[in-house]
Amino acid sequence: MAEQAQKSKEKQLAGVLGYFEDATSLIQATRKVKEEGYVAFDTFTPFPVHGLDEAQGLGRSFLPFVTFGAALVGLSSGYLLQYWTSAVAWPLNVGGKPFNSIPAFVPVAFETTILFAGLATFVAMLLVNRLPNLKRKSFDPSLTNNRFAILIEAPPSREIEDDEPERVLGKPFEEEEAAEFLKKTGATATQKVFYEGWFS
Amino acid sequence: MTTDSTRYQPEVLVTGGKSYEDVNNDVSAPTERLPNRAWWVCFIAALFAFSVGAILAIDMFMRGLGVLGINQPVGWGTFIVTFVFWVGIGHAGTLISAILFLFRQNWRTAINRSAEAMTIFAVMTALLFPLIHTGRPWYAAYWLLPYPNQRELWVNFRSPLLWDVFAVGTYFTISLLFWFTGLIPDFATLRDRAKHPIRKFAYTLLSLGWRGSNRNWSHYETAYLLFAGLATPLVLSVHSVVSFDFAVSIIPGWHTTIFPPYFVAGAVFSGFAMVVTLLIMVREIFNLKDYITLNHLEKMNKIIMATGLLVGYAYICEFFIAWYSGVSFEQYAFINRAFGPYWWAYWIMFCCNVIVPQIFWWKKARRNIAIMFVISLFVNVGMWFERYVITITSLHRDFLPSSWAMYIPTFHDWGIVFGSFGFFFIFFLLFCRLLPTIAMAEVKSVMTPPKVALKEETK
């Protein structure tokens, strides 16, 4: 422990983690945390829990727009590749078909649509989740096993502007208070977590 | 349970009163201990089969395609048959993971991981064959990929063979992404369980730093849904495009519009049979009977029977259309299929694919491990012969009797086909050892929540 503390010279508090034993109490507690006015908080679950997005106030993911855009790019580039190679770069008469044989170009254009859309969705999903990030690990092994947790985050180390609206900052963070509050909502245990270089 | 008024009792998907922790322990166990004897026996057998195929393939590359049975007019032999066979096998995984996901069939969670793995390895195996079939696989990239080159030549985009390159290539890529995305949370679980530094390092890399944050889950779930939406038309397109390899030509017996749906139904049929074959072994060897239950297998068997009936309908429909068309070449092609020199192949196909699965009308048969195992093997054999019948009988007698010939596969043909099974099983067995064979995170999300509160009190 002493070594660790030395390594990160100013080990800064990242937030307080409260553990829950089942998904239902997690959702109920998440609602309370949000009602209390906390804005910077997140939940950790071993599997996707339905209803948690609403409780946490998360909107719909924007990924479908990425997929749609990439699909359009895939469709047009797949078609243009075929058009350009078959009708522009080296027009070749194959079985008397027109150089721009639209029906024959459908299958490949379809496949490139799917290919581009799938690859873009995957990359976008990783980027928005800030993955890959090998410094990250679970706060506790039980969080990928059978327990759930809420993290109430400490305010960022940056200077807070005077005119920043309250809805962005949320309820001011007090370590003791947050831990007490999590206990009150049904957390079976609480734990302090520190910045280790993987938070933004 | 939630307090809303619905009193819907969900189907019990995991038996044995398992808790979330049990899921982790049971599924991770095979990756955390040394393999048992059954695994080693299978692995050595697979290595042996693969070496036989590899040695014969190298011999073939050195001596030329003359060592095979292909001739004029039968230019497509067992390699193309086996290519179509393996691509077909590869359809079940994405069907289970994508189409059943869109239909909210929660029972898929127990089997989707291994079915997807099977898909990926089957497509890898399939991809070997067109390359081997060229006889000079190291030149294949020149012919298959549209890349700028000094000859300023481009591939022929009007050819179904090229559509195949794009279809199977895309299918492989998207299946791999879909599979890997599903694995990320489970890699995180294995990482958090790992004790050995090498294991810890490997699973840390593979998990990409997944931590189970719900902000991440939210995007992850959306991406997963999008993958399912993309993979659904893709899986239907792949075997349609494979069938175009045949249907776009003018050979009697190939030039039919029924081919795309007929091939897709056959692919799902053979793929599900292979999934049943593999799952029966996996649940037995790794003791996962509480997760892959008889209910799961019964549902699989129902799909096998339904798609088997579709395939049987296609066989009969082809005959009807040949008669109805009034084209003598088309009529002869089908008479020749069933009663010509390859009658035995046709009737093996017909019995294995249409008659044998009818036993699944009986619930007892659908729920009997021994019966379903034997039937899944029959279906695998039958579906290989289906492709044999389609490819060989149409080619060996087309329009002009002067250009008719017989096709007899040689030792090299059979040996390389045998080797492909070794190739497939090497990957599948390694998968069983190194990766979680059941999607832990997904199973946890569909199982009945364990009574945690009671457990806490007793602690």
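How much area is buried between chain B and chain A, and what share of it do carbon and sulfur atoms give? In this predicted model, the area buried between the two chains is about 5,500 Å². Carbon and sulfur atoms account for 66% of that area. Three residues of chain B stand out: B:Arg158, B:Arg211 and B:Asn214. Together they supply 17% of the area that chain B buries against chain A, more than any other three residues. The contact draws on 55 residues from chain B and 69 residues from chain A.

Polar pairing across the interface was examined next. Between chain B and chain A, 25 residue pairs are in polar contact, with both residues at pLDDT 80 or more. The salt-bridge count between the chains is 1. A salt bridge joins the side chains of B:Arg215 and A:Asp42, at 3.8 Å from N to O.

Several helices of chain B contribute to the side that touches chain A. Each of the following supplies at least two residues: helix 1 (20-32), helix 7 (160-193), helix 8 (197-207), helix 9 (214-247), helix 17 (440-446) and helix 18 (452-458). Helix 9 gives the most, with 17 residues. By class, this side of chain B has 27 nonpolar residues, 17 polar residues and 11 charged residues.

Attention then turned to the strands of chain A. Strand 3 of chain A spans residues 148-153. Of its 6 residues, 5 are buried, so strand 3 is largely enclosed by the rest of the structure. Strand 3 pairs with strand 1 (residues 13-20) of chain A in the antiparallel sense, over 6 bridges. Strand 3 also pairs with strand 2 (residues 41-44) of chain A, again in the antiparallel sense, over 4 bridges. A:Ile150 in strand 3 takes part in both pairings. Its bridge partner in one is A:Gly18. In the other, A:Thr43 stands opposite A:Ile150. In a regular strand, side chains alternate between the two faces of the sheet.

A further site was examined in chain B. B:Ile321 lies in helix 11 (residues 294-325) of chain B. Is B:Ile321 buried, partly exposed or exposed? Its relative accessible area is 40%, so B:Ile321 is partly exposed. B:Ile321 and B:Gln331 are 10 residues apart in sequence. In space, their C-alpha atoms are 8.7 Å apart.

Terms used
Residues numbered from 1 in each chain as written. Chains lettered and ligands numbered in written order. Predicted model: local features only at pLDDT ≥ 70, side-chain atom pairs only at ≥ 80, totals over all residues. Heavy atoms only, no water. Contact = heavy atoms within 4.5 Å. Buried area = accessible area lost by both parts, 1.4 Å probe. Salt bridge = Lys/Arg side-chain N within 4 Å of Asp/Glu carboxyl O. Polar contact = N/O pair within 3.5 Å; in protein donor to acceptor, adjacent residues only side chain to side chain. Nonpolar A, V, L, I, M, F, W, Y, C, P; charged D, E, K, R; others polar. Buried < 20%, exposed > 50% of the residue type's maximum accessible area, 1.4 Å probe, protein only. Pairing = 2+ DSSP bridges.
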